[in-house]
Amino acid sequence: MTLGDTYCKSIRKLPVDKVTTADVLEILKPVWQAKPETAQRLRGRIERVLDFAKASGHRSGENPALWRGHLQHLLAKAKKLARGHHPAMPYADVPAFVKRLRAADALSAKALDYLILTAARSGEVLGMKWPELDLDEKVWTVPAERMKAGKEHRVPLTDAALAILRPLSDARLSDYVFPGETKRGPEAPLSVMAMTMQMRRMDVGHYTPHGFRSAFRDWAGDQTSFPREVAEAALAHKVGDAVENAYRRSDALEKRRKLMAAWSNFLNGQTSRGNMRLVGG
């Protein structure tokens, strides 16, 4: 419950007629910008509890958790997520998270680890089938029909990614690399919520699996010297205008292989020169 000890411990034992605006602000301010959705739900629940208390004759006067005409003047406008934006873990925090993730044995943890290593979208990972993989050539070819842009995308596989795939290949139960674990059965892919729930279990549910693509892109821009178009190609983003794209026949696979290897090293906690200002080559 949002109104439990996590946020409202300071007022739980306070008589409802003694709760003030200052008390409500003390609860909301620490999370108002950091966790805007949580903060707004929290404010709304406090308001409803105090409204009920007033209706029941246990308090009087204005509700200290009221937004319009009251708290809206005392709290900065809460951040709103732009359409299509996914909350992303800062890239500096990702290696520690990946270390924790690799200590988990769940298939959802392995799928999330693979997603982070490849900077792929959730749907691409969950729908991945064995025929798309060439473990000897270290390439995953995502067919056009499963790509957002409708164009085939080749993903270079690092040693860390292969370390996830090879044991799964030896014990494969279906065409899906990450098959369903529950009543869905192995003939269906892992649930679309599996990675999200894994993050929630690890207390980072305020971020999203898709946000690791942003973390990867920020790291590539801030910490390496790989050209922008190589980083964008790793995310299967279009770069340049139609004429430029018409002349760019290569998907820069080998350059992206170096980039993904550097990302994998970063995730492993390596702080060598390759993780700082790496020459794109």
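Biologist: Which residues of H12 are buried?

Modeller: The buried residues of H12 are Leu253, Arg256, Leu259, Met260, Ala262, Trp263, Ser264, Phe266 and Leu267, where buried means under 20% relative accessible area, exposed over 50% and partly exposed in between, with a 1.4 Å probe and protein chains only. This is a predicted model, in which local features need pLDDT of at least 70 and side-chain atom pairs count only at pLDDT 80 or more, while totals for chains, interfaces and linings use all residues. Residues are numbered from 1 along each chain as its sequence is written, and side-chain values use heavy atoms, with hydrogens and water left out.

Biologist: What makes 21 Å the expected span of helix H12?

Modeller: The expected span is 1.5 Å times one less than the number of residues, and helix H12, residues 253–267, has 15 residues, so 21 Å is expected. From its first C-alpha to its last, H12 reaches 20 Å, which is close to that value. A helix here is a DSSP run of H or I with at least four residues, a strand a run of E with at least two, and both are numbered from the N terminus.

Biologist: Why is Asn63 called buried?

Modeller: Asn63 has 9% relative accessibility, which is under the 20% limit, and therefore Asn63 counts as buried. Asn63 lies in the loop between helix H3 (36–55) and helix H4 (94–101).

Biologist: Which residues does Asn63 touch, apart from those up to four places away in sequence?

Modeller: Asn63 touches Glu47, Leu50, Asp51 and His70, a contact being heavy atoms within 4.5 Å.

Biologist: Is Ala188 buried or exposed, and how do you know?

Modeller: Ala188 is buried, because its relative accessibility of 18% is under 20%. Ala188 sits in the loop between helix H7 (159–170) and H8, and, leaving aside neighbours within four places in sequence, Ala188 is in contact with Tyr176, Pro179 and Gly180.

Biologist: Why is Met197 called partly exposed?

Modeller: The relative accessible area of Met197 is 33%, which falls between 20% and 50%, so Met197 is partly exposed. Met197 belongs to helix H8, residues 194–201.

Biologist: How many residues does the protein have, and what percentage of them is buried?

Modeller: The protein has 281 residues, and buried residues make up 46% of them. Its secondary structure comes to 12 helices and 5 strands.
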